[in-house]
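Subject: Structure for you to look at

Hello,

Here is the structure I said I would pass on. My notes follow below it.

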Amino acid sequence: MLKYIIRLDDACQNMNEENWIKMEELLDKYNIKPIVGVIPDNKDPDFNYKTISNFWEKYPCKWQKKGWIIAQHGFNHTLNGVLMSEFVNKNYIEQKKIIENGYQLLVKKGIKPTCFFAPAHSFNDDTIRACKDLNYFDFISDGYAFYPYNKNEMLFIPSVFDTPHKISCFGIFTFVYHPNNLTSDSLKYLEDFLIKNIDKFDVNYDDIMLKFKNRKRNVADYFLNFAIISYRKIRGKNYE
């Protein structure tokens, strides 16, 4: 089995609307239903585009109706300057409250996220435990492995690189895009990849969750994990 998933990060009221429209049009053209990470209450100063007044109805609610997988992407997207994390510098109780507050805010906006992922891929066992105990999400979009796996009673659907690559002839891989920083070249690259591999983007999340809900990472997964972490360190980019 070889399947590809597209994940879009950093949807918020201050996102680069023009870029997000371009990405949405491309994915709709090829009937791709991505995972889209919505920041419940953005306070990240890096996202300083024009505020979209009707953001929730115009985008997340519409995406949800179209069958896109809505993910809760942290809470404020405020990252500690040293740890680059919204979570790992806090204890279990604090993390659980942050996730709960973010989820309830999204629900009030008419959105029910079924997935979670932390900003900058930065989380720990307490983050996973909080997600499990709150029982809000079907899975976490993160981690490095060839196939989805169960860790601490939460299903992980792995994310790999920020652009599509042919990594192997088997596996389920999520490619992470940040539409706020989208360029015309990266959009063209994505479309070329979609044209050549469109049959690999037909993903049934219910089937995936059922098939892999009890799977544990194996030696090949840990090797891939080591290879990707090493690659990211060489690039000097340990987070996104």
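Helix α4 covers residues 92–108, and at 1.5 Å a residue its 17 residues should span 24 Å, which agrees with the 24 Å between its end C-alpha atoms. The expected span is 1.5 Å times one less than the number of residues; helices are DSSP runs of H or I of at least four residues, strands runs of E of at least two, numbered from the N terminus.

The model is predicted: local features need pLDDT of at least 70 and side-chain atom pairs pLDDT 80 or more, while totals for chains, interfaces and linings use all residues. Residues are numbered from 1 along each chain as its sequence is written, and side-chain values use heavy atoms, without hydrogens and water.

Buried (under 20% relative accessible area, 1.4 Å probe, protein chains only) applies in α4 to Y92, Q95, I98, I99, G102, Y103 and L106. Seen down the axis, these buried residues fall within an arc of 135°, so they line one face of α4; the arc is taken from the directions from the helix axis to the C-beta atoms. On the other side, I93 and K108 are exposed, meaning over 50%.

At the N-terminal end, N91 caps α4, with a side-chain oxygen 3.1 Å from the backbone nitrogen of I93. After α4 comes G110, with a positive phi near 90°.

Elsewhere, D142 sits in the loop between β5 (139–141) and β6 (149–151). D142 is buried but has no salt bridge, and the nearest side chain of opposite charge, R7, is 4.6 Å away; a salt bridge needs a side-chain nitrogen of Lys or Arg within 4 Å of a carboxyl oxygen of Asp or Glu.

Regards

Note on methods:
A polar contact is a pair of N or O atoms within 3.5 Å; within protein, one must be able to donate a hydrogen and the other to accept it, and residues adjacent in sequence count only if both atoms are side-chain atoms. Lys and Arg count as positive and Asp and Glu as negative; His and the chain ends are not counted.
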